[in-house]
Amino acid sequence: KPVNNTYLHTLSELKPGTFSDVVCLVLSRETNLDGECILQVWDGTLPEESDERATFPLVCRGFTEKLRGVAVDSWSLFRNIQCGSRPKDQITAGFIRSTTDVMATLHTDGRVTALLSDYNKRKQEQKKARAEQERIEREQRMRISTTIIPPPRPSSPVSTIRDILDYPELTMIFLCSVRVIEHHPIDIREFVQHSS
């Protein structure tokens with residue numbers, strides 16, 4: 001049967017209480033103590049924590065014959081799955097019902113290649129953004145470490161430690177009267193840096 005694109009959604013678009021068609025990669029398959037067959041699936045559209053692939057559970061109970069052709073590490077089209085919450089653990093999941101059809105899909109299918117292309121593009125953009133942020137932070141550290149700040153004048157006001165912590169800029173020097181409780185290195189002579 002041809003796929004009606006009106007009902008074709010990504011995993012990130014699923015809403016509880018609705019029926020949808022999804023194309024996704026099956027990452028794992030297991031049967032729990034309640035007799036439910038649970039597939040962990042992925043299509044590259046869910047928000048990801050760290051670099052791990054964010055997965056979505058598809059739950060099948062009583063219709064396991066529909067999963068006969070579904071293999072781990074293969075793409076499949078799941079037509080007419082119901083999105084909802086499991087009362088047992090309140091997680092959002094997709095449910096395979098009597099009206100659900102499951103069809104194996106080649107990784108060269110246009111819907112699959114479009115998902116992978118979007119996923120790879122997004123990961124490249126995230127990688128570039130991280131590299132740019134690291135570059136900015138590195139430049140800021142270099143600027144701070146090479147900035148020469150004149151010592152405070154004896155007439156400068158005495159600051160508290162709270163004043164220092166609350167001050168918005170890093171390149172500032174304060175005159176502060178404190179009682180030293182502990183210091184490192186232990187040998188105070190190691191604080192002195194002799195000019196060469």
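User: Which helices and strands are in the chain, and in what order do the elements run from the N terminus on?

Analyst: Helices (H or I, at least four residues) and strands (E, at least two) are DSSP runs, numbered from the N terminus. The chain has two helices and eight strands, in the order β-β-β-β-β-β-α-β-α-β. Residues are numbered from 1 along each chain as its sequence is written, and side-chain values use heavy atoms, without hydrogens and water. In this predicted model, local features need pLDDT of at least 70 and side-chain atom pairs count only at pLDDT 80 or more, whereas totals for chains, interfaces and linings use all residues.

User: Why is strand S5 described as largely enclosed by the rest of the structure?

Analyst: Buried means under 20% relative accessible area, exposed over 50%, and partly exposed in between (1.4 Å probe, protein chains only). Strand S5 (residues 92-96) is largely enclosed because four of its five residues are buried, while buried residues make up 25% of the 196 residues in the chain.

User: Which strands pair with S5?

Analyst: Two strands pair if DSSP finds at least two bridges between them. Strand S3 (residues 56-60) runs parallel to S5, joined by three bridges, with Leu58 bridged to Gly94. Strand S4 (residues 75-85) pairs with S5 in the antiparallel sense over four bridges, and there Gln82 has Phe95 as its bridge partner.
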